[in-house]
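Please keep the sequence and the structure in view while reading.

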Amino acid sequence: MSSFGIDDLPVRDELRGKSPYGAPQLDVPVRLNTNENPYALPEPLVERIVERVREAARNLNRYPDRDAVELRTELAKYLTDTGKYAVGLENVWAANGSNEVIQQLLQTFGGPGRTAIGFEPSYSMHGLIARGTGTGWISGPRNEDFTIDLAAAEESIAENRPDVVFITTPNNPTGNAVPPETVIALYEAAQAAKPSMVVVDEAYIEFSHGDSLLPLLEGRPHLVVSRTMSKAFGAAGLRLGYLAAHPAVVDAVQLVRLPYHLSAVTQATALAALEHTETLLKYVEQLKAERDRLVGELRAIGYEVTESDANFVQFGRFADAHEVWQKILDRGVLVRDNGVPGWLRVSAGTPEENDAFLDAVRELKKEQN
Ligand code: PMP
């Protein structure tokens, strides 16, 4: 066997010695570690997907609609119906998961010689995609309670003059939402410093107690709201993310998107899912109730819990979070150790899965006492 490995390849300097993103995909009875929706798609929707995909399959000898016009029109309708702000086809762009949306944004507005800032702990892929696109990464501050330290954030933006500012709301992995006033203040700081692009990552917004920040797009052409069908639509396997912004932003990302990046099968499947929005949003309501139950029960057991507007809950505090993660896993429940010292994250599952998780952590608490 050759001992030739990754280090023997001429990999870019900034990638040397780094690890790829990846939550463990372990085969355990209860998996609450990747913020997926625990509910399988309802059977009538599965049937509709099959119908739509069958139709698409008949034309697979042709490239798909490069501009995904029908899909973007339907996504715009969904945003307009739920977001308290009217957007049209020209405001919406879609890609293979919001990760690809973020990558396209960084390819367009970041890149070598440019920087992006995020307020950490937050979604680690923002920094990883920055690295992958040659964009410098700046880790901005948060308060002890995981809210954004506004004064420090404004100072950091003024000092570093980043080209892209990421704001994740509700934030992952902490769960808390960012108030609109904070987003407005950060947008203004970013405009005064550069002006730079401000990307609001709303992957979990459907689970929030509050509203989407879509109305902030009015009069703010440097603002981008990014969304996904991976969470609320229960379609993580589909890989469909999208953004809403000024039409100029949609024009700009065309400069980097690969031709025909969204397959005809993806477009057909996403369109079928959008036809079933109403049913899928009912699952969201159930998950919100389960999320609130998790927060309440965890506090009753004696854990500290960060306020959550997402489909997951951050709980602690632990002297050694990884050891607790392992003990929960030993009881058949997989949660997430995001590397936030003292804290773990659990995704809201079905009531039965959440019960299994709560039983496990109740037992652990008893052991500790
Ligand atoms: N943004 C945030 C904040 C996330 O947590 C995730 C998924 N974990 C994503 C974006 C990416 O989602 P997807 O690529 O599946 O749309």
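Strand β6 (residues 197-201) and strand β7 run parallel and are joined by four bridges, where strands and helices are DSSP runs numbered from the N terminus (E, at least two residues, for strands; H or I, at least four, for helices), and two strands count as paired if DSSP finds at least two bridges between them. This is a predicted model, in which local features need pLDDT of at least 70 and side-chain atom pairs count only at pLDDT 80 or more, while totals for chains, interfaces and linings use all residues. Residues are numbered from 1 along each chain as its sequence is written. The chain averages a pLDDT of 96, and 100% of the residues score at least 70, pLDDT being the predictor's confidence in each residue, from 0 to 100.

Strand β7 (residues 223-228) is mostly covered, with six of its six residues buried, a residue being buried if 20 or more other C-beta atoms, placed from the backbone, lie within 10 Å of its own, exposed if 12 or fewer, and partly exposed in between. Leu 223, Val 225 and Arg 227 point one way from β7, whereas Val 224, Ser 226 and Thr 228 point the other way.

Thr 228 leads on to the ligand, since it is listed with Gly 97, Ser 98, Ala 203 and Ser 230 as the closest of the 13 residues that surround the ligand; a residue is near a molecule if its C-beta atom, placed from the backbone, lies within 6 Å of it. Helix α3 (residues 97-109) gives the most to this shell, with three residues. By class, the shell has three nonpolar, nine polar and one charged residues, with Ala, Val, Leu, Ile, Met, Phe, Trp, Tyr, Cys and Pro counted as nonpolar, Asp, Glu, Lys and Arg as charged, and the others, Gly among them, as polar.

The buried residues of α9 include Leu 287, Glu 290, Arg 291 and Leu 294. An α-helix has 3.6 residues a turn, so residues three or four places apart point the same way. Among the elements that cover the buried residues of α9 are β10 (312-316) and β12.

Strands β9, β10 and β12 form, in that order, an open sheet of three strands with antiparallel pairing. Because β9 and β12 stand at the edges, each with a single partner strand, one side of each is left without a neighbour in the sheet. Five bridges join β10 and β12, and Phe 312 stands opposite Ser 347.

Some backbone details remain. Most residues other than glycine have a negative phi, and most peptide bonds are trans. The peptide bond from Lys 194 to Pro 195 is cis, with omega near 0°, and Pro 195 lies in the loop between α6 (180-193) and β6. Arg 161, in the loop between α5 (150-160) and β5 (164-168), has a positive phi near 45°.

How values were computed
Contact = placed C-beta atoms within 7 Å.
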